[in-house]
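I opened this notebook to keep track of what I looked up. The entries follow the order in which I looked.

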Amino acid sequence: MILGALIERVSGISYQDYVAENIFEPLGMTRTSFISDVFATENNDGRGKYAEKYVKGENDEIVRQTFGEASKAFVPLAAGGIWSSATDLSKFDKGIHGYNLLNKESIGLMTEKYVYTG
């Protein structure tokens, strides 16, 4: 959440707009957005447009949660409120590893192994 607040302060626009303009749109992520469980419930057409959450219930049976039930764990915006398709997640991965979002040096710093010495 702090990172989201910093992005808003530095960019002068909302976190949602910044991420859409600088990540989703350049990578062609058309099935990714910031949406709430209410939006998903109202716009779910019954064809699996938005995945529902499955949890382990009593006696270890698998139980499907409705969006309303899942909303109790919903975290907004910079703390996790993004919904995406597998195809768009692949686009994001290719965008990172193809150096479309960050340069090679930044990716190297991000993925370099460090050992805590104490």
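Which residues make up the largest nonpolar core? I found six: Y15, V19, F24, L27, M29 and F34. A nonpolar core here is a set of buried Ala, Val, Leu, Ile, Met, Phe, Trp, Tyr and Cys residues joined through side-chain atoms within 4.5 Å. Buried means under 20% relative accessible area, exposed means over 50%, and partly exposed is in between, with a 1.4 Å probe and protein chains only. Helix α2 gives the largest share of this core, three residues.

**Ground rules.** I noted that this is a predicted model, in which local features need pLDDT of at least 70 and side-chain atom pairs count only at pLDDT 80 or more, while totals for chains, interfaces and linings use all residues. Residues are numbered from 1 along each chain as its sequence is written, and side-chain values use heavy atoms, with hydrogens and water left out.

**Overall layout.** I looked up the secondary structure and found six helices and four strands. Helices (H or I, at least four residues) and strands (E, at least two) are DSSP runs, numbered from the N terminus. Along the sequence the pattern reads α-α-β-α-β-β-α-β-α-α. Of the 118 residues in the protein, 18% are buried. The protein exposes about 9000 Å², and carbon and sulfur atoms supply 54% of that area. Accessible areas come from the Shrake-Rupley method with a 1.4 Å probe, and for residues only the protein chains shown count as cover. I also checked contacts, meaning heavy atoms within 4.5 Å. Among contacts between residues at least 6 apart in sequence, 49% join residues at least 24 apart.

**Aromatic rings.** How many aromatic pairs does the structure hold? I found two. Rings of Phe, Tyr and Trp (its six-membered ring) pair if their centres lie within 6.5 Å; planes under 30 degrees apart count as stacked, over 60 as edge-to-face and the rest as tilted. Y15 is in helix α2 (residues 15–24) and F34 is in strand β1 (residues 32–34), 19 residues apart, and the pair links distant parts of the chain. Both Y15 and F34 are buried. The rings of F24 and F34 have centres 5.9 Å apart and planes at 40°, so that pair is tilted. F24 lies in helix α2 and F34 in strand β1, so the pair ties together parts ten residues apart in sequence. F24 is buried at 9% relative accessibility, and F34 is buried at 14%. I recorded Y15, F24 and F34 as one aromatic cluster.

**Salt bridge.** I looked for a side-chain nitrogen of Lys or Arg within 4 Å of a carboxyl oxygen of Asp or Glu, and the count came to one salt bridge. D88 forms it with K91, the closest N and O atoms being 3.7 Å apart. D88 and K91 are three residues apart in helix α5 (residues 86–97), and are therefore separated by about one helical turn.

**L27 and L101.** I listed what L27 touches, not counting residues up to four places away in sequence: K91, F92, G95, N100 and L101. L101 lies in the loop between α5 and α6 (104–111) and is partly exposed at 24% relative accessibility. With the same exclusion, L101 touches N22, I23, L27, F92, G95 and I96. L101 and N22 are 79 residues apart in sequence, yet 8.1 Å apart in space, C-alpha to C-alpha.

**Backbone angles.** Most residues other than glycine have a negative phi. D60 has a positive phi of about 65° although it is not a glycine. D60 sits in the loop between β2 (54–56) and β3 (62–64) and is exposed at 56% relative accessibility. Y99 also has a positive phi, near 60°. Y99 is in the loop between α5 and α6 and is partly exposed at 40%.
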